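Open the model in your viewer and keep the selection tool at hand. The stops below say what to select next and what is there.

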Amino acid sequence: HIDTLVSIEFDYVVTLCSHAQETCPFFPAKTRVLHVGFMDPPVLAETCGTEEEIMACYRKVRDEIRSFIMKFPEALEAV
C-alpha cells in the first residue's frame, strides 16, 4: 500500500501507463515524476485472434519496457 512508502524520499517516480499517470498520488516537490507511456497489452490484444497473436502483443510491450530500462540512466539525464 502507498502508505507504507510515506517515510521514503524518492528522487524519481516513473509511471508507465496513462492510468498510473492519471491516478498516481501526489509526491513531494523534490520528487521528479517522469511519465513514459507504453501501450496496455490487454488493450492491444483485444484485436488479436490467436493465442500467439495475443502473446506477441505482450512481448512487444515487454520488449519496449526492457529497452527503456536498459537506457534508463541516459533517459534521466535528458529530463
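Predicted model: local features only at pLDDT ≥ 70, side-chain atom pairs only at ≥ 80, totals over all residues.

**Along strand β1**

Move to tyrosine 12, which is also in strand β1. Tyrosine 12 is partly exposed, at 27% relative accessibility. Beyond four places in sequence, tyrosine 12 touches Thr31, Arg32 and Leu76. To see a distance, pick the C-alpha atoms of tyrosine 12 and phenylalanine 26: they are separated by 12 Å, and the two residues are 14 residues apart along the chain.

**A loop residue**

Next, select threonine 31, one of the residues that tyrosine 12 touches. Threonine 31 sits in the loop between α1 (18-23) and β2 (32-35). Is threonine 31 buried or exposed? It counts as buried, with 9% relative accessibility. Show its side chain and look for the backbone oxygen of phenylalanine 10, which the side chain reaches at 3.0 Å. Not counting residues up to four places away in sequence, threonine 31 touches Phe10, Asp11, Tyr12 and Val13.

**The nonpolar core**

Now select Leu34, Val36, Phe38, Val61, Phe68 and Leu76 together. These six residues make up the largest nonpolar core. In soluble globular proteins, nonpolar side chains tend to be buried together. Keep leucine 76 selected: apart from neighbours within four places in sequence, it is in contact with Tyr12 and Leu34.

**Phenylalanine 68**

Phenylalanine 68 has a relative accessible area of 13% and is buried. Setting aside residues up to four places away in sequence, phenylalanine 68 touches Val14, Val36, Phe38 and Ala75.

**Helix α3**

Select residues 51-70 to show the whole of helix α3. The helix has 20 residues and reaches 28 Å from its first C-alpha to its last, close to the 28 Å expected at 1.5 Å a residue. Which residues of α3 are buried? Cys57, Val61 and Phe68 are buried in α3. They lie on the same side of α3, because they cover an arc of only 25° around the axis. Turn the model to the other side of α3, where Glu51, Glu52 and Met70 are exposed.

Finish with cysteine 17 and cysteine 48. Cysteine 17 is partly exposed, with a relative accessible area of 30%. Cysteine 48 is in no disulfide; its nearest cysteine sulfur is that of cysteine 57, 3.2 Å away.

Notes. Residues numbered from 1 in each chain as written. Heavy atoms only, no water. Core = buried A, V, L, I, M, F, W, Y, C linked by side-chain atoms within 4.5 Å. Buried < 20%, exposed > 50% of the residue type's maximum accessible area, 1.4 Å probe, protein only. Contact = heavy atoms within 4.5 Å. Helix = DSSP H or I, 4+ residues; strand = E, 2+ residues; numbered from the N terminus. Expected span 1.5 Å × (residues − 1). Arc of directions from axis to C-beta. Disulfide = S-S within 2.5 Å. Polar contact = N/O pair within 3.5 Å; in protein donor to acceptor, adjacent residues only side chain to side chain.
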